[in-house]
Amino acid sequence: MKVLFFSSSSNFYEGKNISSRYLPFCSQEIEKLKKNFPEIDIILAFSLPGMFFFDMKGSEIEKKADCAQYYVIPYDDEKEIAAFLVSLKPDFAFACSSYAPPFDWMGIIDALVAQYLEKSGVPVICNPLNLAVDCFDKWRTHQLLEKGGFLCPKAVYVHHELYINAGNR
């Protein structure tokens, strides 16, 4: 069974002066995964920097697990990303959405990609789009937490466009 782990990113990654290190190395963790599940073929397809899955040195993947296929997603449009991922012929896909401070919309993009993958017949584990939007919109997150019985600090909603258009720059 071919299992795809993926995540997209809308950020431009220029890694000339950046190296990311995770210990143990991501490649070592992928090797452990394969050891525990020898029946799967592992496909890793991520936009750079491939947080938590790629061992990066600058703009290059420094270490790779021999048991996995590595792909850098060359697109930023969700339809193109999905078409690229479908071309890898996975039997199953996991969205591994991460963050890139100060932005947290990667879950939305991955949810859109997941919808296209599912329409193409690839089963996907991914947060649904409505949940990704609820988590991105802090006011909606606040309301959901209160509705779920969580204690939340008092909050005020400021409609950004109306605030800016009222001359508050």
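Which residue, with a positive phi, follows helix 5? It is glycine 149, and its phi is near 90°. The model is predicted, and the rest of the fold can be read around such details.

Start with the whole chain. The protein has 6 helices and 7 strands. Along the sequence they follow the pattern β-α-β-β-β-β-α-β-α-β-α-α-α. Of the 169 residues, 35% count as buried. The exposed surface comes to about 10700 Å², with carbon and sulfur atoms supplying 57% of it.

Strands of a sheet pair through backbone hydrogen bonds, either parallel or antiparallel. Here an open sheet of 5 strands has the order 5-2-1-6-7, and the pairing is parallel. Strand 5 and strand 7 (124-125) stand at the edges, each with a single partner strand, so one side of each lacks a neighbour in the sheet. Strand 1 and strand 6 (residues 92-95) run parallel and are joined by 4 bridges. Within that pairing, leucine 4 has alanine 93 of strand 6 as its bridge partner.

Helices lie across these strands. Helix 1 (residues 26-36) lies across strand 1, strand 2 and strand 5. Its angle to strand 2 is about 145°. Helix 3 lies across strand 1, strand 6 and strand 7. Helix 3 runs at about 150° to strand 1.

An α-helix has 3.6 residues a turn, so residues three or four places apart point the same way.

Finally, the helix ends. Aspartate 77 caps the N-terminal end of helix 2. One of its side-chain oxygens lies 3.0 Å from the backbone nitrogen of lysine 79. After helix 2 comes lysine 89, with a positive phi near 55°. Helix 5 (residues 138-147) has an N-terminal cap too, aspartate 137. A side-chain oxygen of aspartate 137 lies 3.0 Å from the backbone nitrogen of tryptophan 139. Beyond helix 5 sits glycine 149, the residue of the opening question.

Terms used. Residues numbered from 1 in each chain as written. Predicted model: local features only at pLDDT ≥ 70, side-chain atom pairs only at ≥ 80, totals over all residues. Heavy atoms only, no water. Polar contact = N/O pair within 3.5 Å; in protein donor to acceptor, adjacent residues only side chain to side chain. Helix = DSSP H or I, 4+ residues; strand = E, 2+ residues; numbered from the N terminus. Buried < 20%, exposed > 50% of the residue type's maximum accessible area, 1.4 Å probe, protein only. Areas by Shrake-Rupley, 256 points an atom, 1.4 Å probe, with all protein chains shown as cover. Pairing = 2+ DSSP bridges. Contact = heavy atoms within 4.5 Å. Axes fitted to C-alpha atoms, helices over the stretch in contact; angles between N-to-C directions.
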